[in-house]
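Hello,

Here is the structure for you to look over. My notes follow below it.

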Amino acid sequence: MTVCEAPGKVYLFGEHAVVYGEPAVPAAIERRAAVTAEPRADDHVRVEAEDLSLDGFTVEYSGGTSDRPDVDVPTPLVEAAMGYVDAAVEQARDAADAPDAGFDITVESDIPLGAGLGSSAAVVVAGIDAATRALGEPLDRRELAERAYRAEFEVQDGQASRADTFCSTMGGAVRVEGDDCEPIDAPNLPFVVGFDGGAGDTGELVAGVRALRAEHEFAADTVESVGDLVREGERLLADADPESDPDPELLAALGELMDFNHGLLAALGVSARSLDAMVWAARDAGAHGAKLTGAGGGGCIVALDESDATETALSFTQGCEEAFRAELATEGVRVVEP
Ligand SMILES: Nc1ncnc2c1ncn2[C@@H]1O[C@H](COP(=O)(O)OP(=O)(O)O)[C@@H](O)[C@H]1O
Ligand SMILES: C[C@@](O)(CCOP(=O)(O)O)CC(=O)O
Ligand SMILES: [Mg+2]
């Protein structure tokens, strides 16, 4: 039995635009998905994923799209729910050259699903790592990240960047631009997350931005502007001392860029009333800046505040179900057992 766990992430800036080759800077946070993989004697895959929003269910199937698990819920729901675990198993079989490998898989996660904190990437990264290790074929981190990206790319119908999967694999803050992925030295930023209890559909939201971009030059310009602000943010981070606490000027400058980034994401149609309400509650409470994180549509915002004011204000904000401080996860995917 092999257990691996991988962290979720917040986007300091750059989501959506990163899908079109602009740079983005996500940072891993201490909320993790743990995947257990136990090889089986047959070629079946049995998945226990109690956190799935289908009220928790257990299914047994041999993988692949033709073989539908025997559970009493509509097929699209099952496919949407199982897609990432399924794709992770396929990548592990391919990497280990074991097309008929079967597994008992268990997923346990404290990352809310579909909320912009990268639960899908964490499940895929931890899943591929656990399954390949269970087969005695551990991957190096770069290959693991690349295979996790391919899994997300497939499930999201060819619309994914390497940002989430690379960040979850490596931990810390990273910068991703196309296929150029590097860890970066960043100071420990005071992230506060607000969660509206809901979720967005990543594939649908990405497709919406794609359509807007194709239709209007100003939408394409908006995506480019996100890239410009990310480049400015990268310069700020490069000048900062990663060893000491970030100074107030740096936080103010990063916060201003986050505010701008949220405005541009809203213009691209991926914000939501609940996300805007949490962003404004954070700003009113004195946060240096606040923005939605991830695909949007519902889910989480991230703010910068070293004091408790934003977390307190968010906990009293209508529509905010949970507010918490998110510590930077310096370690990416890791083996818990054996
Ligand atoms: N704990 C989990 N168990 C099984 N699958 C999960 C789990 N967490 C996430 N997933 C998969 O990831 C999907 C959500 O991914 P996505 O829409 O990209 O949102 P995000 O990555 O922002 O959380 C879920 O529908 C599910 O398929
Ligand atoms: C919108 C996007 O940039 C980030 C999606 O993040 P999440 O799955 O909502 O955590 C898509 C991608 O980069 O693959
Ligand atoms: Mg995702």
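**What was found**

Ser120 sits in helix α2 (helices are DSSP runs of H or I with at least four residues, strands are E runs of at least two, both numbered from the N terminus). The model is predicted: local features need pLDDT of at least 70, side-chain atom pairs count only at pLDDT 80 or more, and totals for chains, interfaces and linings use all residues. Residues are numbered from 1 along each chain as written, chains are lettered from A and ligands numbered from 1 in written order, and side-chain values use heavy atoms, without hydrogens or water.

Ser120 counts as buried because its relative accessible area is 16% (buried is under 20%, exposed over 50%, partly exposed in between, with a 1.4 Å probe and protein chains only). Ser120 touches Tyr84, Glu152 and Gln156, leaving out residues up to four places away in sequence. Contact means heavy atoms within 4.5 Å.

Leu117 lies in the loop between β5 (102-109) and α2 (119-134). Leu117 is buried, at 0% relative accessibility. Beyond four places in sequence, its contacts include Gly8, Lys9, Val10, Cys300 and Phe324.

Both residues are in a UniProt "binding site" annotation from an unreviewed entry, which also includes Pro112 and Ala122. UniProt positions use the numbering here, feature names are shortened, and annotations may be inferred rather than shown by experiment.

Elsewhere, Val209, Leu212, Arg213 and Glu215 in α5 meet Glu217, Ala219, Ala220 and Val223 in α6.

Best wishes
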